[in-house]
Amino acid sequence: MLLTGSKTMEYRSGSQQRKQSRSLSCHRHLLLSILLAILGVNLLLFLSCTQWSPWTDMTSCTVQTWGMMDRLRPVAECSDRGLQEIPATLPLHIEELHLEKNHITSLDGAAIAAIPSLRVINLDENDIHHVASGDLTHLSGLRLLSLSNNNLAYLPALSSSSLAHLVLDGNPLTLISNSSMAAVPNLWSLSVSHLPNLVSVETAAFRPVARLRTLLVTDNPRFVVTPLFIAQLCQLTQLQILHISIPDETSLDWSCLMKMPFLLQLELNDRLVVNR
């Protein structure tokens, strides 16, 4: 909800009445859920009682509280606000930061370094062309970073011991180097798809992320899959889900992929080959 000018005053004038009405409704749903649980009916009506509270400053962001009754998490919703940089005055208790569809040009660690509780950062559909290598170092709880559809032509060495999920789809990346993943050792899922300019993945690019469970490398029209790349994938012995585009399947020996011990799903050229 965007609260600016007269809308802010309008919101405040009626906020007490709406808050009281919503609170009563949530209490009724919660009571009904308890009664239904006693009767053995598994209906979680309290999901509709997600609480939220506005927080406004010059950025016109809001903080909402998402989740179930036993695990509520504060989320800063700053999407589609016309922002050109990450807000400098974010609440320190938030766990998720949503900044999609803005005009942000760089991932500035100074604005988020003081928020140790951050677990999710979504910067999809911005104009980011620069990510400093040390910007994630202080975020000890960061689990997901999504940078889809930005202007990253080069990926610096990200540094995060906690990062588990990284999404880089739709960027003009030309190279995934041996150092790109060197400082994200606990990465579990990586998506590098729809990269129109990708031409090379260096031979040891995935070696530092040996714990990968999910890897998506699809629809990269200029990237030529080679036997060396297939061999690199086969060294990721913990993989459970692998989606890959291979222009000419018959010219490559990809049988080692079929033998991966934990592989549950293998998709080649949008065709499901393994589904256990």
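A residue counts as buried when its relative accessible area is under 20%, as exposed when it is over 50%, and as partly exposed in between, using a 1.4 Å probe on protein chains only. The model here is predicted, so local features need pLDDT of at least 70 and side-chain atom pairs count only at pLDDT 80 or more, while totals for chains, interfaces and linings use all residues. Residues are numbered from 1 along each chain as its sequence is written, and side-chain values use heavy atoms, leaving out hydrogens and water.

**Strands and a crossover**

- Helices (H or I, at least four residues) and strands (E, at least two) are DSSP runs, numbered from the N terminus.
- Strand E11 (residues 189-191) pairs with E13 in the parallel sense over three bridges; two strands pair if DSSP finds at least two bridges between them.
- Within E13, Thr214 is the bridge partner of Ser189.
- E13 and E14 also run parallel, joined by four bridges, and Leu215 has Leu242 in E14 as its bridge partner.
- From E13 the chain crosses through H3 to E14, a β-α-β crossover that is right-handed: with the strands pointing away from the viewer, the path from the first strand over the helix to the second runs clockwise.

**Helix H3 and its cover**

- Helix H3 spans residues 227-234, and its buried residues are Phe229, Ile230, Gln232, Leu233 and Cys234.
- Their cover includes strands E12 (200-201), E13 (214-217) and E14 (241-244), along with helix H4 (255-258); contact means heavy atoms within 4.5 Å.

**Aromatic rings**

- The structure holds two aromatic pairs; rings of Phe, Tyr and Trp (its six-membered ring) pair if their centres lie within 6.5 Å, and planes under 30 degrees apart count as stacked, over 60 as edge-to-face and the rest as tilted.
- Phe223 and Phe229 have ring centres 5.0 Å apart and planes at 80°, so this pair is edge-to-face.
- Phe229 is buried, with a relative accessible area of 3%.
- One aromatic cluster is formed by Phe206, Phe223 and Phe229.

**Ser160 in its loop**

- Where is Ser160 placed? Ser160 lies in the loop between strand E8 (144-146) and strand E9 (165-167).
- Ser160 counts as buried, at 4% relative accessibility.
- Residues that Ser160 touches include Leu136, Ala183 and Pro185, leaving aside residues up to four places away in sequence.
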